[in-house]
Amino acid sequence: MYSRIVGTGSYLPKKILTNRDLEKVVDTSHEWIVTRTGIEERRVAADDQRTSDLALEASRAALQAAGIQPNDLGLIVVATTTPDYIFPSTACILQSKLGIDNTCPAFDIQAVCGGFVYALATADLYLRAGRCRYALVVGSEIYSRILDWTDRSTCVLFGDGAGAVVLAADKTAGILAHRLHADGRYSNTLAVPGQICSGQVTGRPYVVMEGGAVFKFAVKALGDIVEETLAEVAMKPEDVDWLIPHQANIRIIQATAKRLGLPMERVVVTVDKHGNTSAASIPLALDIAVRDGRVRPGQHVVLEGIGGGFTWGAVLIRW
């Protein structure tokens with residue numbers, strides 16, 4: 001038994017925050033941001049929206065595309081760094097909002113920007129084991145609430161959004177291979193080093209990042225993980241029809257594609273309009289590419305991401 005993606009969905013908050021808007025609140029410029037990151041705008045969640053609300057809209061779209069009902073699901077996995085609460089999990093909250101009453105397992109995965117590939121690989125193994133027929137995998141984030149809006153090195157990078165896929169158990173392979181890695185020695189390189197202790201926030205509850213170190217590590221790690229995943233099924237980068245990377249920075253995306261020998265025409269890029277939406281970025285980009293007809297049946301698609309931890313991974317799919 002294998003698993004196959006049978007539905008995709010996404011959701012972006014209504015509010016658009018452009019680089020010109022940021023020029024008014026922090027010492028930066030549209031040209032500086034675009035040149036270094038490729039980002040032109042990003043979305044910001046409304047004050048009354050939670051991560052589970054964004055996940056709910058993306059999930060409904062994915063379920064509709066798959067042609068199934070919420071109660072058909074046998075597993076819910078939500079990848080997020082910005083959950084509604086410390087607990088319960090955002091996945092359990094999403095289960096309730098979807099009106100599911102079949103008590104299927106639901107849990108979060110916290111692997112930051114690598115979260116969606118971690119969640120997708122986990123759900124794939126669950127379906128391969130014959131534990132259920134359908135699974136919902138979601139990446140949902142509200143990063144606007146963990147940013148220091150006076151820090152121009154980080155606040156210009158991130159946005160809010162959600163993406164989702166429905167996996168179905170199938171005798172024909174959809175997901176062909178995946179590989180996951182982590183290296184905790186880099187845990188301070190990209191982090192939110194804050195916590196709640198005795199009701200008080202301690203440390204720094206905002207994103208901090210060593211940009212140069214992240215870039216250097218990411219390009220090598222992402223190139224290696226794609227080649228490693230392809231090697232599992234005796235494929236090479238030239239066999240890939242579409243690379244859908246984590247949308248962190250256009251320079252990282254371009255450098256990774258170059259290292260793999262893939263032209264940018266075969267890379268899905270949404271960072272210009274979304275910014276870095278962490279665990280939501282890959283399913284958001286996937287949904288757009290599926291709905292606009294770029295991703296077609298029979299094509300080979302690679303999803304790859306890297307996030308704080310560091311965590312990184314890739315998933316190879318025959319669409």
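## Salt bridges and overall form

In this predicted model, Arg 204 has a relative accessible area of 32% and is therefore partly exposed. Its salt-bridge partner is Asp 148, with 3.1 Å between the closest N and O atoms. Because Arg 204 sits in the loop between β11 (200-203) and β12 (208-209), while Asp 148 sits in the loop between β6 (134-142) and β7 (160-170), the pair ties together parts that are 56 residues apart in sequence. Asp 148, with a relative accessible area of 15%, is buried.

A search of the whole structure finds 16 salt bridges, among them the following.

| Pair | Closest N and O atoms |
|---|---|
| Arg 204 and Asp 148 | 3.1 Å |
| Asp 53 and Lys 97 | 2.6 Å |
| Glu 31 and Arg 20 | 3.5 Å |

Glu 31 counts as partly exposed at 45% relative accessibility, and Arg 20 is partly exposed with a relative accessible area of 42%.

As for the chain as a whole, nine helices and 15 strands are present, and the radius of gyration of 18 Å agrees with the value near 20 Å that a compact globule of 319 residues would have. Buried residues make up 57% of the 319 residues, and, among contacts between residues at least 6 apart in sequence, 75% join residues at least 24 apart.

Methods:
Residues are numbered from 1 along each chain as its sequence is written. This is a predicted model: local features need pLDDT of at least 70, side-chain atom pairs count only at pLDDT 80 or more; totals for chains, interfaces and linings use all residues. Side-chain values use heavy atoms; hydrogens and water are left out. Helices (H or I, at least four residues) and strands (E, at least two) are DSSP runs, numbered from the N terminus. The radius of gyration is taken over C-alpha atoms; the globule rule is 2.2 Å times the number of residues to the power 0.38. Buried means under 20% relative accessible area, exposed over 50%, partly exposed in between (1.4 Å probe, protein chains only). Contact means heavy atoms within 4.5 Å. A salt bridge is a side-chain nitrogen of Lys or Arg within 4 Å of a carboxyl oxygen of Asp or Glu.
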